Amino acid sequence: MVLQYLTPTAVSFIGLGAVSAAVMSSADSSILSASSMFSRNIYKLIFRQKASEKEVVCVMRIAIFGVGAAATAMALAVDSIYSLWALCSDLVYVILFPQLCCVIYLDGTNTYGSFMGYVLGLVLRVGGGEDKIGIPHLIEYPYYNDTDGQLFPFRTLSMVVSFTTIVLCLTRSSFCLRGKFYRCR
């Protein structure tokens, strides 16, 4: 608004172009980052360990289109950036927080526990639905009603289930909590 109404037309044109370039730069780096993580961490490490570098780059190029299409569809479907921000912080709380805590404080955290915690946390979180972006609820948690929706703290439940799953899948008979080793009996 300031650029449009308080500056000359030429300055307004250049300023809006600069803002648009900054937004597009952030968006394309996010898309490139997501597709790069997919091609290296999922495709190469899980599906094809012997994939050549050329094959990984080809998968990354395909993933760029997939992630870009998903981001475009989400941008067109959601009315508010604030609801996207709330959903993103929800997913960080439910999925990344337990994994981060386990990796930092628990010795013996493994890939299987991390994956199972991720899947269970995501299923329980998405199963609760999200009215802001039109995801219907699949699970009716306690205290659910049609007018208010989910009244049960299902996000916290999802986080605790994810954390517990990761802890239960420890490979060793002992675990380390803040530098002290404890034995499971």
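Helices here are DSSP runs of H or I, at least four residues long, numbered from the N terminus. Keep that in mind, and remember that this is a predicted model.

Start with helix α2. Its residues are 9–47. S30 lies in α2. Now look across to R125. S30 and R125 are 95 residues apart along the chain. Their C-alpha atoms are separated by 23 Å.

Stay on α2 and go to I46, which also has its place in that helix. I46 has a relative accessible area of 54%, so I46 counts as exposed. I46 is also part of a nonpolar surface patch.

Next, helix packing. Two packed helices are described by the angle between their axes and by the distance between those axes.

Take α4, residues 81–105, and α5, residues 111–127. Their axes come within 9 Å and cross at roughly 150°. That makes α4 roughly antiparallel to α5, because the class applies to angles over 145 degrees. The crossing of α4 and α5 is right-handed.

Now α5 with α6. Helix α6 spans residues 154–168. How do the axes of α5 and α6 cross? They cross at roughly 165°, and they come within 8 Å. So α5 and α6 are roughly antiparallel to each other. The crossing of α5 and α6 is right-handed.

To recap: α5 is roughly antiparallel to α4, and α5 is roughly antiparallel to α6.

Notes:
Residues numbered from 1 in each chain as written. Predicted model: local features only at pLDDT ≥ 70, side-chain atom pairs only at ≥ 80, totals over all residues. Heavy atoms only, no water. Patch = residues over 30% accessible without salt bridge, like charges linked within 9 Å, V, L, I, M, F, W, Y side chains within 5 Å. Areas by Shrake-Rupley, 256 points an atom, 1.4 Å probe, with all protein chains shown as cover. Salt bridge = Lys/Arg side-chain N within 4 Å of Asp/Glu carboxyl O. Helix = DSSP H or I, 4+ residues; strand = E, 2+ residues; numbered from the N terminus. Buried < 20%, exposed > 50% of the residue type's maximum accessible area, 1.4 Å probe, protein only. Axes fitted to C-alpha atoms, helices over the stretch in contact; angles between N-to-C directions. Parallel < 35°, antiparallel > 145°, perpendicular 65-115°, else oblique. Left-handed = near helix turned anticlockwise from the far one by under 90°.
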